[in-house]
Amino acid sequence: MISRRDDADPRQAHKNAIDAARRSGVKHIFYSSLAFAGDLEETSVAHVMGAHLRTEKYLAELSGHITYTAIREGLYSESYPIYTSWFDIHHPADEIAIPHSGDGPGVAWVKRDELGEATAKLIADYAKNPAGFPYLNRVLLLSGPREISLKETVEILGQAVGKPLRLREISVDEYVALPQHGSKHTYHGIDLTREWATAWDAIRRGETAVVSPLLRELLGREPQFL
């Protein structure tokens, strides 16, 4: 089950999908969660993580009716624009202004295609031996191979575009007022820019810095770095 990350409040959509799966006779659900909340913790200060945590809890409450595997997918390397004030590598600005100093803890960035490959292997393993599947009714963390700070991330972006970039820390109010964010963080007519800014609070607390070996074990090789 792929989460509804394009929705302002996906909780009901997730519940509806799970309930429909149960009615259809589905025995096991793979749920694509998100890798805030640190080392498989049950709380997060990131607004975007709230619906995922509630969905994980709902799946756990269905024990005896259906089994599940919730996969907390690390922050995609490809999603760096969200966390760098919508930096455009094709039209690079000189400065990235975000409500974060850029210092660690940072993010264990991970490639989407490797997350997809690992998830496919989990599904195939379950299909081969449902009763012996080692991840029944568990929450898993798939992360990149190492954690880097947002400041290091900006330095890497600068290397990619061939010029040094400045990272400037601004307040949440200043971030919300930046003109490029209204449309980027608007979902179904609701501007969630301020809610999205809680992601930097979560990064600051180390929620996205946990490095798990599971992705490497599933792939059978070291995951790519950025």
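A charge sits over a ring if NZ of Lys or CZ of Arg is within 6 Å of the ring centre and within 35 degrees of the ring normal. The legends below describe close-up views of a predicted model.

**View A. Arg146 and the ring of Phe225 form a charge-over-ring arrangement.** The charged end of Arg146 lies over the Phe225 ring, at 4.5 Å from the ring centre.

**View B. Tyr126 and Phe133 are one of the aromatic pairs of the model.** The count of aromatic pairs comes to 7. In the pair shown, the ring centres of Tyr126 and Phe133 are 5.6 Å apart and the ring planes stand at 85°, so the pair is edge-to-face; planes over 60 degrees apart fall in that class. Both Tyr126 and Phe133 are buried. Ring pairs also join Tyr126 and Phe133 with Phe30 and Tyr135 in a cluster.

**View C. Tyr175 and Trp200 pair between helices H6 and H9.** The centres of the two rings, Tyr175 and Trp200, are 4.9 Å apart with planes at 70°, so this pair is edge-to-face. Tyr175 belongs to helix H6 (residues 172-177) and Trp200 to helix H9 (residues 198-204), so the pair ties together parts that are 25 residues apart in sequence. Tyr175 has a relative accessibility of 0% and counts as buried. Trp200 is buried as well, at a relative accessible area of 2%.

View D. Between Val172 and Glu195 the C-alpha to C-alpha distance is 9.9 Å, and the two are 23 residues apart in sequence.

**View E. Glu114 is a buried residue of helix H4.** Helix H4 spans residues 112-128 and includes Glu114. The relative accessibility of Glu114 is 1%, and the residue therefore counts as buried, the limit being under 20%. Apart from neighbours within four places in sequence, Glu114 is in contact with Leu215, Leu219, Arg221, Pro223 and Gln224.

**View F. The largest cavity holds about 70 Å³ of space.** Rolling a probe the size of a water molecule over the atoms shows where empty space is left. The count of cavities of 30 Å³ or more comes to 1. The largest cavity is lined by 13 residues, of which Ala35, Gly74, Ser143, Thr208 and Val210 are the closest to its centre. By class, its lining comprises 8 nonpolar, 4 polar and 1 charged residues.

**View G. The peptide bond from Gly104 to Pro105 is cis.** Most residues other than glycine have a negative phi, and most peptide bonds are trans. For the bond from Gly104 to Pro105, omega is near 0°. Pro105 is located in the loop between strand S3 (95-98) and H4.

**View H. Ala37 and Ser85 each have a positive phi.** Ala37, which is not a glycine, has a phi of about 75°. Ala37 is found in the loop between strand S1 (28-34) and helix H2 (50-61), and at 0% relative accessibility counts as buried. Ser85, also not a glycine, has a phi of about 55°. The loop between helix H3 (80-83) and S3 contains Ser85. Ser85 is buried, with a relative accessible area of 10%.

Key:
Residues numbered from 1 in each chain as written. Predicted model: local features only at pLDDT ≥ 70, side-chain atom pairs only at ≥ 80, totals over all residues. Heavy atoms only, no water. Phe/Tyr/Trp six-rings, centres within 6.5 Å; stacked < 30°, edge-to-face > 60°. Buried < 20%, exposed > 50% of the residue type's maximum accessible area, 1.4 Å probe, protein only. Helix = DSSP H or I, 4+ residues; strand = E, 2+ residues; numbered from the N terminus. 1 Å grid on protein atoms, 1.4 Å probe; cavity = no way out; pocket = protein on both sides within 12 Å on 5 of 7 lines; lining within 4 Å. Points joined across faces, edges and corners; volume = space filled by probe spheres on them. Nonpolar A, V, L, I, M, F, W, Y, C, P; charged D, E, K, R; others polar. Contact = heavy atoms within 4.5 Å.
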